[in-house]
Amino acid sequence: MDATDKAIINRIQSDFPRTERPYAAIGQEFGLDEAQVIERVSRLKESGIIRRIGGNFVPDKLGFVSTLCAARVPKDKVEMFTEAVNQYPGVTHNYLRENDYNIWFTFISPSMDEIKANLSEISAKTGVEDIINLPATNVYKIRAQFEL
């Protein structure tokens, strides 16, 4: 990852251009053409440095619900469990913590019933039964920008 890659990541984290050709707009800022920006972003995604590019929305304003989940996953099942969880389009974050409840993830869905059904399905698929569902009651969104 070179200085240009870092500059592109810093630029797109919280202020992705909302234009017909966003990669061309980013390229103009850094003296690159659209194809060069797309190649760099693609490489960063393939290497796992960029996990996802997409919009973030306030779930309740769109009629959705969100929840934070914590799971107690045996160390030998962590990879399998996170791969299963990540198959669900409503999962927005998934991270490992040093705690008895070591896998935490957020889930957004049209209904809490759907989330509960998905959590039951995840449990059945993975054999991990200890998953806590912590629905959001108040949401505080803090802008997260990580300068590289």
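User: Let's start with the helices. How do I read the packing of α1 and α3, and at what angle do their axes cross?

Analyst: Two packed helices are described by the angle between their axes and the distance between those axes. In this predicted model, helix α1 (residues 3-12) and helix α3 (residues 34-46) have axes that come within 11 Å and cross at roughly 85°. Angles of 65 to 115 degrees count as roughly perpendicular, so α1 and α3 are roughly perpendicular to each other.

User: Which residues of α1 and α3 make the contact?

Analyst: On the α1 side, look for Thr4, Asp5, Ile8 and Ile9. On the α3 side, pick out Arg40, Val41, Arg43 and Leu44. Sorted by class, the contact has 4 nonpolar, 1 polar and 3 charged residues.

User: Now the sheet. In what order do the strands sit?

Analyst: General idea: strands of a sheet pair through backbone hydrogen bonds, either parallel or antiparallel. Here 4 strands make an open sheet, ordered β2-β3-β1-β4, and the pairing is antiparallel. β2 and β4 (131-135) are at the edges with a single partner strand each, so one side of each has no neighbour in the sheet. From one strand to the next, the twist averages 20°.

User: How many bridges pair β1 with β3?

Analyst: Strand β1 (residues 65-71) and strand β3 (residues 103-109) pair over 7 bridges, in the antiparallel sense.

User: Last one: which elements have the lowest and the highest mean pLDDT?

Analyst: Strand β2 (residues 91-96) has the lowest mean among the elements of the chain, at 87, while helix α2 (residues 22-30) has the highest, at 97. Across the chain the average pLDDT is 91, and 97% of the residues score at least 70.

Definitions and conventions. Residues numbered from 1 in each chain as written. Predicted model: local features only at pLDDT ≥ 70, side-chain atom pairs only at ≥ 80, totals over all residues. Heavy atoms only, no water. Axes fitted to C-alpha atoms, helices over the stretch in contact; angles between N-to-C directions. Helix = DSSP H or I, 4+ residues; strand = E, 2+ residues; numbered from the N terminus. Parallel < 35°, antiparallel > 145°, perpendicular 65-115°, else oblique. Contact = heavy atoms within 4.5 Å. Nonpolar A, V, L, I, M, F, W, Y, C, P; charged D, E, K, R; others polar. pLDDT = per-residue confidence, 0-100. Pairing = 2+ DSSP bridges.
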